[in-house]
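Here are my notes on this model, as numbered points. Please read them alongside the coordinates.

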Amino acid sequence: MAAWTWGAWADILVDFGRELYVPWRIAVGETLYGDVAYFNGPLSPHVNALWFWLFGTGLWTLLGVNLVLVGLLTALTYHVHRVAGGRAPALFASTTFLLVFAFGQRLLYANYNFVAPYSHEVTHGLFLLMLGIVCVERHATRGGHIGWAAAAGACVGSALLTKPEIAVASLSIPTGLAFAAAHRRQEGEGGPGRRSSRAQVVAAFAGGLALPPAVALLFLGVRLPLSTAWNGLTGAWGMAFDPDITSLPFYRAVLGLDAPGRRMTDLARALVGVGLIAVPAMAVVARMDPRRPSNHHRWMPFIVAALFIGGVVTTLVVTVADRPFHLARSIPAVLGILLAWTVLGALGRAQERMEARRAVTRFTLLVLSLLLCSKMILATRVDHYGFALAMLGTVTIVAAVVGWIPEAVGRSGRDSRPLRAWVLGALLVLAGSHLMVVGARTGQKRVRVGVGKEIIRTDTIRGPVVEQALAFLSARSTPGFTVLVLPEGATLNFLLRAPSPTPFINFMPPEIIHFGEARMLQALETHPPDVVLLVHKDPTEYGTGRFGEGYGGGLLSWVLSNYESVASWGDPPFRNGSEFGIQALVRTP
């Protein structure tokens, strides 16, 4: 997957430029929330700045580290799902992560993958939460040892330094610890290792939880006023609950609140699609007589082959007609069903309760998966934000249908091979259709853009224009050269190693609402840039007019009053009918 998508992970203009620019500025000595305006937690920028300091500032430093992170996440996914269900579901879960999410390229804009994510807070946060699941599992295995509770708290405390959606999802870790305690009481045993009281476990978890935010506050407070450091730590929550931001059509569409009735209809159709795929196989299994041994049944190979073909054909029909079904919309509902089944099996009056290690791991996985989907609860998808937020839910469902459910069928005395054959056929089609989309999208990125060895593959519309702009500015770059990109395109700053003279990086509607246009304008007037790049951007997803009309009018007016055009490439920016273009302006004498 890495070789197939090589160099096409990052978008040349959108989002990922911020992920490069911010740690670069920190690595050269600037202060987050002071010299660099930022609205997420401080963990990821400083971690990435550390990589730049250790291995050199460069695009491929960050991409290389993220490839290592993909390997670590694959190993964590395998380990957690091996504990939850065994080797076969672990293999399918980790393979699904690699095929569908780690290198995903389903949209024109990249950045929705784990190698060049739109926000490292999400990928780093997921890594921390997966470590948290391991801590919960070890805590349950060792009879409630407080060391693992403290480690789980540290994972949650670190996750609080990322993004609100990750912080919300981290509630699954204490929930898992509580479930582990309930399971021990149900079983009436403490397991191996030293047992700890409930108060000791809570205290250990709380101590671990408080440590990362306290260290972060002290670290930032060395160079910033304590109030500024605190506002930086909590700034993302201000954005998350700012009605001017959350009411933007973009964020309402992410949640599915733009058209709740239609979204609920999509959910119902998705469940119908899942039923069309799953019910035939379950019906065949239900008709098998558990009293009759089938290990050597002469027709079993033919039954298995027929069900495999049936799974392929049925899923192929549903996939071709996927538009009415939106299968990904069903992910939260399916996770809810699996969660109820897990709780009943672990704490209910089932004849065979799951062992603590497996039950607690499954429970925590499912709660975490559901909480991650909460940001797009009525519009769940596996692309866009779903590459991270729906990843764990998807791979957990795959593990369940490959291992958990067939295992339960086997315990009932029925042969699980027909069900496994149907599931394998269905997964083959779903994975194949996804990879076809990835291949088509990656194939569109035929232009290589960059400076020196820092090359990004991009599309044929924006690529040539950006390449010409970079060549023009590279020839005129001098030490201390500053560039302001409006409204978005910090990748250009990074590739040119030309910083913005102001703390502000992006000038899209959310940033302008959060930081304030007056504050941005004052910073420009105090520290005017050497060059301004106007980069065409379609703001339709935010429900606003073009830059300078629907938003950023004061910023554009100031630029046009104080700067003159010296070059342009492509179509004129911010005009009706423009496909894409960049205009360079320099300060008037």
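1. Strand β1 (residues 447–451) pairs with strand β2 (residues 454–458) in the antiparallel sense, over five bridges. Bear in mind that this is a predicted model. Within the pairing, Val-449 has Ile-456 in β2 as its bridge partner.

2. β1 and β2 form a hairpin, with two residues between them. Look at Gly-452 in the turn: its phi is positive, about 65 degrees. For reading the strands, recall that side chains in a regular strand alternate between the two faces of the sheet.

3. Next, helix α1 (residues 16–27) and helix α3 (residues 59–85). They pack at an angle of about 105 degrees, and their axes are 11 Å apart. The range of 65 to 115 degrees counts as roughly perpendicular, so α1 is roughly perpendicular to α3.

4. Which residues make this contact? From α1 come Phe-16, Glu-19 and Leu-20; from α3, Leu-59, Leu-62 and Leu-63. By class, the contact of α1 with α3 has five nonpolar residues, one charged and no polar.

5. Helix α6 (residues 146–159) and helix α9 (residues 198–221) cross at roughly 35 degrees, and their axes come within 6 Å. The crossing of α6 past α9 is right-handed.

6. The α6 side of that contact includes Ala-149, Ala-150, Gly-153 and Gly-157. On α9, the contact residues include Ala-204, Phe-205, Gly-208, Pro-212 and Pro-213. How do the residues of the contact of α6 with α9 divide by class? There are 12 nonpolar, five polar and no charged residues.

Note on methods. Residues are numbered from 1 along each chain as its sequence is written. This is a predicted model: local features need pLDDT of at least 70, side-chain atom pairs count only at pLDDT 80 or more; totals for chains, interfaces and linings use all residues. Side-chain values use heavy atoms; hydrogens and water are left out. Two strands pair if DSSP finds at least two bridges between them. Helices (H or I, at least four residues) and strands (E, at least two) are DSSP runs, numbered from the N terminus. Axes are lines fitted to C-alpha atoms, for helices over the stretch in contact, and angles run from 0 to 180 degrees between N-to-C directions. Angles under 35 degrees count as roughly parallel, over 145 as roughly antiparallel, 65 to 115 as roughly perpendicular and the rest as oblique. Contact means heavy atoms within 4.5 Å. Ala, Val, Leu, Ile, Met, Phe, Trp, Tyr, Cys and Pro count as nonpolar, Asp, Glu, Lys and Arg as charged, and the others, Gly among them, as polar. A crossing is left-handed if the near helix is turned anticlockwise from the far one by less than a right angle, and right-handed if clockwise.
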